[in-house]
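Work through the exercises below with the sequence and the model side by side, trying each task before reading its solution.

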Amino acid sequence: MTTHTTPPPMQEYLLDVPGKTIFVAETGDGPPVLLLHGGGPGASGVSNYSRNIGELAKEYRVIVPDLPGYGRSTKGVDGTDPFGHLADGIRGLLDGLGLDKAHLVGNSYGGACALRLALDTPDRVDRMVLMGPGGIGTTRALPTPGLNSLLDYYTGDGPSRPKLEKFIRNYLVFNAADVPDSVIDARYRASIDPEVVAAPPLRRPSGPNALRTLWRTDFTRDERLSRLPVATLVLWGAADKVNRPSGGRMLAARMPDCDLYEVANTGHWVQFERAELFNRVCADFLAGRR
């Protein structure tokens, strides 16, 4: 039977970067690895990687920020260029930590942040692992039911625990029973932070620049993707209902140094649903053992 441990004790601090403050938790020694979480309601760094931090920290310095707009970091994300806004914040975090470069591991929204950072400044990224990243082929098909559920959370009648539970159990994971009620409770509490409700960090583009934003947030429209020198591993749940698994094949076809691992019987949360597999494959890839 699979067992899951809680994250080890972590050093916690707030780091000021240009225009914002980022909350960071870290543990372990070795090459630096930033774990960038997804963008679902109530998401945060340590909670999203609770099943991975301890294992990766045996070999790496594991740095887990709350992305701008989430957790204990400064709220609000530039809706005209959300991936660029996140990437700028994490690049500022690297500067603040005195790191010339680091490995990046990103899930969903965090994967889009990692990929944008790598495209803008490839010299700052060592190796990169992406799990169901956002922004892949998004202008080539209508949003999935799972993505619509995520984007609708703060609209209509507003946030609620049943709404969040439906998104997590019906769309985020393959096996609904794998997510404890306590995870949903904690995420719901975080999702109704008044600052977040006032400025949701993930929403549909709107206004006169909406089309430009849509185009900018589809990496398959970015010609730099075919020249990106960063060694990349893409893991994608074959049953992902939020971001289509075909996105993994798009990346593998366009990127010059990209391995693709499609994970059977797994949804959008590979690092949580298949933690033992993820921890092993991720650690080996970052170390250059595969």
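**Exercise 1.** Find which residues of α6 meet which residues of α7, and describe how the two helices pack.

*Solution.* Begin with the contact, meaning heavy atoms within 4.5 Å: R161, L164, E165, I168, R169 and L172 in α6 meet D181, I184, D185, R187 and Y188 in α7. Sorted by type, the residues of this contact are 5 nonpolar, no polar and 6 charged, where Ala, Val, Leu, Ile, Met, Phe, Trp, Tyr, Cys and Pro count as nonpolar, Asp, Glu, Lys and Arg as charged, and the others, Gly among them, as polar. Next take the geometry: helix α6 (residues 161-172) and helix α7 (residues 181-191) pack at an angle of about 130°, and their axes are 10 Å apart. The two helices are therefore oblique to each other, since angles under 35 degrees count as roughly parallel, over 145 as roughly antiparallel, 65 to 115 as roughly perpendicular and the rest as oblique.

The model is predicted, with local features needing pLDDT of at least 70 and side-chain atom pairs counting only at pLDDT 80 or more, while totals for chains, interfaces and linings use all residues. Residues are numbered from 1 along each chain as its sequence is written, and side-chain values use heavy atoms, with hydrogens and water left out.

**Exercise 2.** Work out how α3 and α4 are placed and which residues make their contact.

*Solution.* The axes of α3 and α4 come within 8 Å and cross at roughly 75°, and the helices are therefore roughly perpendicular to each other. From α3 the contact uses P82, F83, G84, L86, A87, I90 and R91, and from α4 it uses Y109, A112, C113, R116, L117 and D120. These residues divide into 9 nonpolar, 1 polar and 3 charged.

**Exercise 3.** Which residues have the most contacts inside the largest nonpolar core?

*Solution.* A nonpolar core is a set of buried (under 20% relative accessible area, 1.4 Å probe, protein chains only) Ala, Val, Leu, Ile, Met, Phe, Trp, Tyr and Cys residues joined through side-chain atoms within 4.5 Å. The largest one has 43 residues, and L34, L115, M128 and L251 have the most contacts inside it. Its largest share, 8 residues, comes from α4. Beyond its neighbours within four places in sequence, M128 is in contact with residues including L104, L115, L233 and F285.

**Exercise 4.** Locate K163 and list its contacts beyond four places in sequence.

*Solution.* K163 lies in helix α6. Leaving out residues up to four places away in sequence, K163 touches D152, Y153, T155, D157 and G158.

How values were computed. Axes fitted to C-alpha atoms, helices over the stretch in contact; angles between N-to-C directions. Buried < 20%, exposed > 50% of the residue type's maximum accessible area, 1.4 Å probe, protein only.
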